[in-house]
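Me: I would like to go through this structure term by term. Please set each value against its definition.

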Amino acid sequence: MAGHSKFKNIMHRKGAQDKKRSAMFSKLSREITVAAKSGMPDPDMNPRLRLAVNAAKAQSMPKDNIQRAIDKASASEGEDYEEIRYEGYGPGGVALIVEALTDNRNRTATNVRTAFSKNGGNLAASGAVSHGFERKGLIEYPAGAGSEEKVLEAAIEAGADDVESSADGHTIWTEMEALHEVASALEKALGEAESVKLAWKPNLTVDVPEDDAQTLFKLIDALDDDDDVQTVWGNYEVSDEVMEKLG
């Protein structure tokens, strides 16, 4: 996809993550608390917490908010969240993976099912979709981090698997287990990344026409608007022309 970061297109519509900042902070806080409860409340000793804190910093979440979320876990306060993954199909046969953190499984399942059914999609059984994706490490850098050649060289040196560069920036894929090691090596060569996270990378992508794309983005927005939904991943690609028409 010339002119668009393939990852941002696959994750959800470009710009969707920038809306409703307070809702985004709430989701980031939830992930920090869950990560801190799952291990040590120290980011240096807890890889998942380190990822969550880095993600929050990348979205300019205030340090006080981050520390408060960690303190909640240390004091065993707040709700106990359960991690759930939903799989389904959107318009045009697009495969979607929905990651959620919830304190009420029934509420979340109902909301996710409703979002799918109202927007041209349907939920599928667990495993029906995820077999078409790989669980990978994902590191993103802005275009200003360096030329395509510089980033590629740094990624190879760091032990990354693949690099995708575009006008929007650089997307670097790693093995899941190597994410922290590769990210640390890249930071020395390129500076701090925009984001470092675990991701679902599709083995094959589907080109989505304009009519289906409009409905698909409505579905993804509906899912993204749900407080319990953390991330929506998909195997779709939308052309520059269609993206421009949709605004």
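Me: In which strand is the place of V196?

Reply: V196 sits in strand β7, which covers residues 195–202. Strands are DSSP runs of E with at least two residues, helices are runs of H or I with at least four, and both are numbered from the N terminus. This is a predicted model, in which local features need pLDDT of at least 70, side-chain atom pairs count only at pLDDT 80 or more, and totals for chains, interfaces and linings use all residues. Residues are numbered from 1 along each chain as its sequence is written, and side-chain values use heavy atoms, with hydrogens and water left out.

Me: Why is V196 called buried?

Reply: Buried means under 20% relative accessible area, exposed means over 50%, and partly exposed lies in between (1.4 Å probe, protein chains only). V196 has a relative accessible area of 12%, so V196 is buried.

Me: What is V196 in contact with, leaving aside its neighbours within four places in sequence?

Reply: Contact means heavy atoms within 4.5 Å. By that rule V196 is in contact with L51, L138, I139, L179 and A183. The C-alpha atoms of V196 and A183 are separated by 7.2 Å, and the two residues are 13 apart along the chain.

Me: Why does K245 count as exposed?

Reply: K245 has 60% relative accessibility, and therefore counts as exposed. This residue belongs to helix α9. Its C-alpha atom is 9.8 Å from that of Q214, 31 residues away along the chain.

Me: Which residues touch the most other members of the largest nonpolar core?

Reply: A nonpolar core is a set of buried Ala, Val, Leu, Ile, Met, Phe, Trp, Tyr and Cys residues joined through side-chain atoms within 4.5 Å. The largest one has 23 residues, and L96, L223, Y236 and V238 touch the most other members. Elements that each supply at least two residues include β1 (82–89), β2 (95–102) and α5 (105–118). Helix α8 gives the largest share, 6 residues. Another core, of 16 residues, lies apart from it and includes L51, A145, V182 and V196. In soluble globular proteins, nonpolar side chains tend to be buried together.

Me: Why does the radius of gyration of the chain agree with that of a compact globule?

Reply: The radius is taken over C-alpha atoms, and the globule rule is 2.2 Å times the number of residues to the power 0.38. For 247 residues a compact globule would have a radius near 18 Å; the chain has 18 Å, so the two agree. Of these 247 residues, 45% count as buried.
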